[in-house]
2 protein chains.
Amino acid sequence: MSGCQMDANTVRPIRFFNGTCQMLDQRLLPAEVVWHNYKDYQAVAEAIRNMVVRGAPAIGVAAAIGAWLGARDIETESSEEFFAEFTRICDLLVATRPTAVNLSWALERMKRFAHANLDRTVLELKIGLEFEALAIAQEDEQRNKKMGRHGEGLIPDGARILTHCNAGALATAGYGTALGVIRTAVAAGKKVSVIVDETRPFLQGARLTTWELQKDKIPVTLICDNAAGYLMSQGEIDCVIVGADRISANGDVANKIGTYTVAVLAKEHNIPFYVAAPISTIDLSLSDGSQIPIEERDAREITHFKDVQLAPEEIAVRNPAFDVTPNRLVTAIITEHGVAQGSYRKNLAEFVSKG
Amino acid sequence: MSGCQMDANTVRPIRFFNGTCQMLDQRLLPAEVVWHNYKDYQAVAEAIRNMVVRGAPAIGVAAAIGAWLGARDIETESSEEFFAEFTRICDLLVATRPTAVNLSWALERMKRFAHANLDRTVLELKIGLEFEALAIAQEDEQRNKKMGRHGEGLIPDGARILTHCNAGALATAGYGTALGVIRTAVAAGKKVSVIVDETRPFLQGARLTTWELQKDKIPVTLICDNAAGYLMSQGEIDCVIVGADRISANGDVANKIGTYTVAVLAKEHNIPFYVAAPISTIDLSLSDGSQIPIEERDAREITHFKDVQLAPEEIAVRNPAFDVTPNRLVTAIITEHGVAQGSYRKNLAEFVSKG
């Protein structure tokens with residue numbers, strides 16, 4: 001990944017070189033910019049679970065690097081023993097978060113690489129897995145740029161674009177999915193502005209999306225999630241673009257909690273609702289979105305802000321971290337292989353077959 | 001108001017006796033229960049502006065008491081001079097917050113009382129205005145109980161009820177509007193549970209609605225505003241009930257920001273959406289909701305939590321404090337004079353004519 005860091009201003013949440021993984025602590029942004037070092041797979045698993053790193057493509061990349069750190073430390077000369085232990089490590093990493101499918105996609109790719117090379121020595125396997133993890137990261141950023149080129153035609157000049165959560169550079173290896181499309185539109189000379197939902201409870205919009213758009217000097221306005229409907233009713237939103245954590249074969253989209261609400265509002269106001277996500281987010285094994293597992297996170301994310309109590313003691317809480325937007329509310333799905341519209345089942349299957 | 005404090009457990013946010021006004025600081029709940037003393041109208045105006053007291057009926061009551069504190073301190077023997085000064089004080093109080101019409105309703109009533117009694121001495125006017133302010137407070141609680149009796153028939157046994165913001169005892173002189181209807185349903189023996197939107201940015205749901213329902217042992221579950229759509233899509237919400245800050249002649253409802261979003265979601269899921277509000281919230285002078293002024297509050301409510309920075313420095317923010325739900329999304333409006341359904345313009349005008 002160090003190989004593609006040409007632009008010093010470009011945000012990339014994961015660094016990987018000289019056998020060390022560094023991750024930007026996304027819980028502390030924007031007030032503090034803190035990088036942590038990760039030297040073993042257990043620490044990477046914990047960072048994914050605790051949301052030091054978040055965003056479907058980014059946790060895929062982090063998991064691949066975590067898997068390599070695990071692989072590096074396996075002490076055996078037997079490729080078979082190595083593979084058994086490597087599989088155990090991947091199983092542990094995939095269990096860190098249930099909704100985003102990119103996590104299992106990246107780990108499956110790592111396992112497939114190892115399995116296809118079981119005739120090699122353990123040393124060769126370890127070196128090969130390092131290159132594979134690097135490739136996953138580099139390809140992710142390249143995919144986002146392709147996605148941007150496919151999607152930017154959907155963004156009109158002058159558009160006031162609503163986005164929810166963070167589907168930006170911070171949610172990927174770099175450049176971003178939804179924000180990548182916006183970046184490409186800006187690079188094409190379009191004057192756009194972005195309205196950002198703060199995205200409770202983790203505030204990815206308020207803390208992360210604003211931060212990276214501000215760095216890129218793209219005009220940005222922060223609102224409460226509650227204000228999106230009001231702004232639409234006032235004619236102040238021209239389109240919506242979000243990322244995704246998992247897309248079922250029929251084009252139903254799991255994404256950050258609140259996305260479904262935005263989609264319903266967009267339909268009510270006849271505003272196009274776009275999803276930008278790489279092929280690795282598409283899960284053809286699930287026929288529709290009702291089969292996507294929805295993570296429920298800790299009540300404390302809602303009842304407290306840092307150590308400040310927001311709600312009474314012992315209050316019951318529901319904290320689903322994602323919701324599912326049915327395909328009928330999705331105007332188009334933007335991928336690195338093109339834009340799917342209308343017949344999602346056919347289009348998405350074709351895109352996935354291109355690999 | 002002390003006269004109707006029979007139940008020690010009953011929440012009432014404003015106390016008024018012996019010429020002193022006390023208000024519960026709603027910014028500090030639920031972590032701290034702090035009462036402040038208010039000895040002049042300027043301090044009451046500041047408390048309304050800063051949201052020590054909030055909720056359309058409650059700020060009407062607070063303003064009436066503030067007006068009396070102002071009246072008490074006017075130094076003149078001339079009733080005409082007294083009335084001119086009293087009008088100036090009321091004008092200052094009415095300007096504290098623009099959206100809730102109950103504020104001007106209460107102050108108009110105080111002015112009307114003074115104007116109708118200009119033949120009295122200034123001392124008599126002052127005493128009369130104190131009784132008038134007390135009556136406004138006491139009648140508010142009585143109205144809420146009537147509203148509860150009219151509305152509770154709409155709540156099925158076993159209902160899982162979503163509410164947004166706080167339309168409870170804390171938003172009124174006592175008992176609450178939307179929560180008053182729920183309290184009446186519970187008193188009628190119905191087993192209901194309440195799902196509470198946290199209601200960013202001020203967190204009235206997380207901090208206040210949970211607190212007062214927990215005190216009443218009514219089952220309550222807190223969610224992020226973002227999760228309301230998800231729970232509806234999962235069939236976990238049976239009806240919605242909210243309060244109102246101003247209702248135009250055609251039944252369009254201004255209420256806390258995010259209410260419109262909940263109403264759109266309710267329509268999408270065929271869930272009834274009820275509004276509970278006293279006649280004092282209805283503004284027949286406005287033909288429809290587009291004429292209701294929407295307060296925009298300080299960016300800091302969104303960019304900071306207490307002193308903790310949530311968003312980057314110098315970020316642009318939109319912070320509308322209210323939105324307008326069009327009448328077509330409102331299943332019924334519950335008032336102290338009955339339930340309006342269908343032809344709001346006719347029904348609401350009839351209710352208002354009953355006074």
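## B:Q204 and its contacts

Beyond its neighbours within four places in sequence, B:Q204 is in contact with B:M51, B:R54, B:C165, B:N166, B:E198, B:T199, B:T209 and B:K256. The model is predicted. B:Q204 lies in helix α7 of chain B, which covers residues 204–215. Its relative accessibility is 2%, so B:Q204 counts as buried; the cut-off for buried is under 20%.

One partner deserves a second look. B:N166 is 38 residues from B:Q204 along the chain. The C-alpha atoms of the two are separated by 5.5 Å.

B:R97 is found in the loop between α3 and α4 (102–116) of chain B. Is this arginine buried or exposed? B:R97 has a relative accessible area of 6%, so it is buried.

Which residues does B:R97 touch, leaving aside neighbours within four places in sequence? The contacts are B:I48, B:R49, B:M51, B:R54, B:L103, B:K256, B:E295, B:R297, B:A321 and B:F322. B:M51 is 46 residues away along the chain, and its C-alpha atom is separated from that of B:R97 by 9.7 Å. B:M51, B:R54 and B:K256 are in contact with B:R97 and also with B:Q204.

## B:S79 and helix α3 of chain B

B:S79 lies in helix α3 of chain B, residues 79–94. At 10% relative accessibility, B:S79 counts as buried, because the limit is under 20%.

With neighbours within four places in sequence left aside, B:S79 is in contact with B:L118, B:R120, B:T121, B:V122 and B:L125.

## Helix α2 of chain B

Helix α2 of chain B runs over residues 56–72. How many of its 17 residues are buried? The count is 16, so α2(B) is mostly covered.

The length of α2(B) can be checked. At 1.5 Å a residue, its 17 residues should span 24 Å. The end C-alpha atoms are 25 Å apart, which agrees.

## α5 against α6 in chain B

The crossing is right-handed.

Where do the two helices meet? On α5(B) the residues are B:M147, B:G148, B:R149 and B:G151. On α6(B) they are B:G180, B:V181 and B:T184. By class, the residues of this contact divide into two nonpolar, four polar and one charged.

## α3 against α4 in chain A

In chain A, helix α3 (residues 79–94) and helix α4 (residues 102–116) pack with their axes 10 Å apart. The angle is about 175 degrees. Angles over 145 degrees count as roughly antiparallel, so α3(A) is roughly antiparallel to α4(A).

From α3(A), the contact uses A:F83, A:F86, A:T87, A:C90, A:D91, A:L93 and A:V94. From α4(A), it uses A:L103, A:S104, A:L107, A:M110, A:K111, A:A114 and A:H115. The classes are nine nonpolar, three polar and two charged residues. An α-helix has 3.6 residues a turn, so residues three or four places apart point the same way.

## Cis peptide bonds in chain A

Most peptide bonds are trans. A cis peptide bond joins A:L29 and A:P30, with omega about 0 degrees. A:P30 lies in the loop between β2 (20–24) and β3 (35–38) of chain A.

Another cis bond joins A:R200 and A:P201, where omega is about 5 degrees. A:P201 is found in the loop between β5 (193–197) and α7 (204–215) of chain A.

## Positive phi in chain A

Most residues other than glycine have a negative phi. A:K217 has a positive phi, near 60 degrees. Its place is in the loop between α7 and β6 (220–223) of chain A. At 74% relative accessibility, A:K217 counts as exposed.

A:N270 also has a positive phi, near 55 degrees. A:N270 is found in the loop between α9 (259–268) and β10 (273–276) of chain A. Why does A:N270 count as exposed? Its relative accessibility is 72%, and exposed means over 50%.

Terms used: Residues numbered from 1 in each chain as written. Chains lettered and ligands numbered in written order. Predicted model: local features only at pLDDT ≥ 70, side-chain atom pairs only at ≥ 80, totals over all residues. Heavy atoms only, no water. Left-handed = near helix turned anticlockwise from the far one by under 90°. Helix = DSSP H or I, 4+ residues; strand = E, 2+ residues; numbered from the N terminus. Contact = heavy atoms within 4.5 Å. Nonpolar A, V, L, I, M, F, W, Y, C, P; charged D, E, K, R; others polar. Expected span 1.5 Å × (residues − 1). Buried < 20%, exposed > 50% of the residue type's maximum accessible area, 1.4 Å probe, protein only. Axes fitted to C-alpha atoms, helices over the stretch in contact; angles between N-to-C directions. Parallel < 35°, antiparallel > 145°, perpendicular 65-115°, else oblique.
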